[in-house]
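Here's a quick briefing to read with the structure open beside you. Take a look at the fold, then work through the points below.

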Amino acid sequence: MLQIDIFNQFDVLVVGAGAAGLYTALCLPQSLQVGLITKETLTLSASDWAQGGIAAAIAPDDSPRLHIEDTIKAGAGLCDRPAVEFLAEHAPDCIKSLVELGVAFDRHDNHLALTLEAAHSKHRVLHAADTTGREVITTLTAQVLQRKNIQVIQQALALSLWIDPQTQTCQGISLFYQGEITWIKAGAVVLATGGGGQVFAQTTNPAVSTGDGVAIAARAGAILRDLEFVQFHPTALTKPGAERFLISEAVRGEGAHLIDNEGRRFAFDYHPAGELAPRDIVSRAIFSHLQKTTADPATAHVWLDMRPIPADKIRHRFPNIIHVCQRWGIDVFSEPIPVAPAAHYWMGGILTDMMNRTNIPGLYAVGETASTGVHGANRLASNSLLECIVFGAQMAHLELKSESVSEEPLPTVWEFVTDLDNWHKQRAYLEDLRQKIPRLVWQYAGICREQSGLEIAIATVKSWQQDFADLQLSQFLICLHPKQSVSFKLPDVERQLRLWAETHNLLDVAYLILTSAAFRKESRGGHYRLDYPQSDPNWQVHTLVQYYNWWKAPVLT
């Protein structure tokens with residue numbers, strides 16, 4: 001058993017082991033002792049599910065300037081230009097770094113192969129068949145496991161940040177691991193926990209994507225930004241019993257058509273670019289078309305027809321899509337795939353600068369958890385993996401303040417005691433709530449939103465937050481402070497503590513998204529209001545959120 005206590009102090013703790021967390025750990029100076037924490041295993045993250053690829057202007061007819069302009073255009077007026085310039089200009093060097101680490105991108109005649117995706121003006125998306133994320137994660141994981149300065153802590157759950165009450169500096173985390181909660185000190189904490197797609201009933205994200213980093217940072221007083229902007233991917237496999245498997249944007253880039261039940265390419269009714277319009281437009285086109293043509297649009301779908309793509313190219317480029325579709329009885333060579341939109345990517349997150357610093361000293365954020373300003377109101381396809389790598393590389397410049405090591409008193413070890421009947425009742429309540437939250441958020445803050453529905457959802461979540469706070473387990477855990485470690489001698493404690501923590505985070509994430517969406521009274525990018533269907537130049541500003549009391553309403557500016 002791995003022994004962890006407050007005396008096992010790390011220089012840096014990285015929470016999350018997707019592309020952002022792995023690459024950050026590799027880029028941190030090797031003189032630092034790094035703890036890499038993941039609540040599952042090293043191979044389960046949203047990055048591992050990324051199919052399309054990673055964007056970089058490396059073709060002779062391309063340039064960072066064109067990449068910048070495409071990104072800003074997709075971002076619907078809210079991209080921070082210096083951040084976008086930094087992303088695009090550093091992209092070629094980061095691709096070179098990945099290749100040197102061993103990432104096997106597809107090649108064509110000895111050159112790196114490039115494909116086109118929606119809203120890109122050039123072929124600039126590198127790929128490894130249709131499992132680019134998996135290739136990147138596998139390579140980075142192998143590199144991490146070779147580093148002697150990196151200690152991987154798997155199946156461990158970060159519960160909260162350890163904030164010094166005098167300096168308001170982040171100095172570690174509380175961690176649930178192997179049946180115990182303990183506090184771990186560090187000179188810096190990097191949150192790289194990915195997005196929060198599981199707050200929506202329909203999502204392409206894996207089960208681990210419960211918004212953990214954003215939620216625990218919010219409760220510690222971090223400034224958050226643009227939480228209303230969620231990208232809904234237009235083409236997720238939609239078949240009873242099947243997971244919402246993402247059918248890559250690259251499929252449409254290679255020539256696949258979106259068709260309705262009549263076989264008509266309806267997307268051109270909504271945008272001149274048809275299937276290759278920006279993701280939010282294609283998602284709303286599908287949503288609107290189903291509203292007009294289907295009796296029950298909530299369970300309906302359109303079709304993605306891959307047959308216009310040559311069969312040999314399908315076999316070469318999309319073997320994983322072929323395999324998954326076959327598992328669900330779909331032959332992509334002879335029939336179209338049933339698809340509908342699903343929550344895919346969160347443009348908002350913890351506000352950071354270009355060195356990944358937050359407003360809390362000692363706390364950093366990288367990847368989808370962060371809001372760097374590169375995505376604006378709508379992310380350009382294949383810029384997400386790129387952001388993880390470009391900004392993860394910035395952690396190579398981390399400088400920790402040298403502090404004298406003070407004598408810490410021995411922690412008080414508490415034991416959580418409850419009767420089994422109450423323990424099982426709390427679990428049943430949490431399991432029910434865990435199912436209700438995504439259904440509510442999907443209904444009222446999905447692809448199309450309006451004030452009356454948002455207000456209903458906000459009031460409901462507030463009620464659920466209070467009920468959650470009244471649980472015996474909540475009252476015990478929320479009041480823990482850094483001199484109190486906890487042991488549990490109860491059945492199935494790992495499952496129940498994870499359920500409690502993820503439900504806690506999803507409640508806060510739901511509330512933050514709903515209140516931000518109600519606050520922005522316009523439509524822009526991934527945020528579409530039926531009652532305010534146009535963009536308003538007066539709203540071409542960021543939404544900033546900071547809890548003045550983490551259980552109360554946030555301050556929106």
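Predicted model: local features only at pLDDT ≥ 70, side-chain atom pairs only at ≥ 80, totals over all residues.

By the ring-centre rule used here, the count comes to twelve aromatic pairs. One of them joins Phe-200 and Phe-232 edge-to-face, at 5.5 Å centre to centre and with 80 degrees between the planes.

**Aromatic pairs**

- The Phe-200/Phe-232 pair bridges distant parts of the chain: Phe-200 sits in the loop between β10 (180-191) and α6 (212-219), while Phe-232 belongs to strand β12 (residues 230-237), 32 residues apart.
- Both partners are tucked away, with Phe-200 buried at a relative accessible area of 3% and Phe-232 buried at 4%.
- Phe-416 and Phe-488 also pair up, this time tilted: their centres are 5.8 Å apart and their planes make 45 degrees. Since edge-to-face needs over 60 degrees and stacked needs under 30, the 45 degrees here lands in the tilted class.
- This pair links distant parts of the chain too, with Phe-416 in strand β19 (residues 412-416) and Phe-488 in strand β20 (residues 484-488), 72 residues apart.
- Phe-416 counts as buried at 3% relative accessibility, and Phe-488 is buried with a relative accessible area of 8%.
- Zoom out a bit and ring pairs tie Phe-176, Trp-414, Phe-416, Trp-423, Phe-476 and Phe-488 into a cluster.

**Arginines over rings**

- Arg-315 lies over the face of Phe-333, 4.8 Å from the ring centre.
- Arg-379 does likewise with Tyr-345, lying over the ring face at 4.3 Å from its centre.

**Helices α12 and α15**

- The axes of α12 (residues 420-445) and α15 (residues 493-519) come within 10 Å and cross at roughly 30 degrees. Angles under 35 degrees count as roughly parallel, so that is the label for α12 and α15.
- The crossing of these two helices, α12 and α15, is left-handed.
- On the α12 side, the contact residues include Trp-423, Gln-426, Arg-427, Leu-430, Leu-433, Ile-437 and Val-441. From α15, those taking part include Val-493, Gln-496, Leu-499, Trp-500, Thr-503, Leu-506, Leu-507 and Ala-510.
- Gln-496 is found in helix α15 and is buried, with a relative accessible area of 1%.
- For a sense of distance, Gln-496 and Phe-333 are 163 residues apart in sequence and 44 Å apart in space, C-alpha to C-alpha.

**Helices α4 and α11**

- α4 (residues 81-101) and α11 (residues 384-393) pack at an angle of about 85 degrees, with their axes 8 Å apart. Angles of 65 to 115 degrees count as roughly perpendicular, so α4 and α11 fall into that class.
- The α4 residues making the contact are Ala-83, Phe-86, Leu-87, His-90, Ala-91, Cys-94 and Leu-98. Their partners in α11 are Leu-386, Glu-387, Ile-389, Val-390 and Phe-391.
- A reminder for reading such lists: an α-helix has 3.6 residues a turn, so residues three or four places apart point the same way.

**Enclosed helices**

- Eight of the eight residues of α6 are buried, so the helix is largely enclosed by the rest of the structure. Among them are Asp-212 and Arg-219, along with Val-214 and Ile-216.
- α6 is followed by Gly-221, which has a positive phi near 100 degrees.
- In α10 (residues 319-327), the residues Asn-320, Ile-321, Ile-322, Val-324 and Cys-325 are buried. Their cover includes α5 (132-146), β12, α7 (249-253), α9 (311-317) and β15 (337-346).
- Just after α10, Gly-329 takes a positive phi of about 80 degrees.

- Asn-110 has a positive phi near 75 degrees despite being a residue other than glycine. Asn-110 lies in the loop between β4 (107-108) and β5 (111-112).
- Ser-382 is not a glycine either, yet its phi is positive at about 65 degrees. Ser-382 lies in the loop between β18 (370-371) and α11.
- Buried or exposed? Asn-110 is exposed, with a relative accessible area of 68%, whereas Ser-382 is buried at 5%.

Key
Residues numbered from 1 in each chain as written. Heavy atoms only, no water. Phe/Tyr/Trp six-rings, centres within 6.5 Å; stacked < 30°, edge-to-face > 60°. Helix = DSSP H or I, 4+ residues; strand = E, 2+ residues; numbered from the N terminus. Buried < 20%, exposed > 50% of the residue type's maximum accessible area, 1.4 Å probe, protein only. Lys NZ or Arg CZ within 6 Å of the ring centre and 35° of its normal. Axes fitted to C-alpha atoms, helices over the stretch in contact; angles between N-to-C directions. Parallel < 35°, antiparallel > 145°, perpendicular 65-115°, else oblique. Left-handed = near helix turned anticlockwise from the far one by under 90°. Contact = heavy atoms within 4.5 Å.
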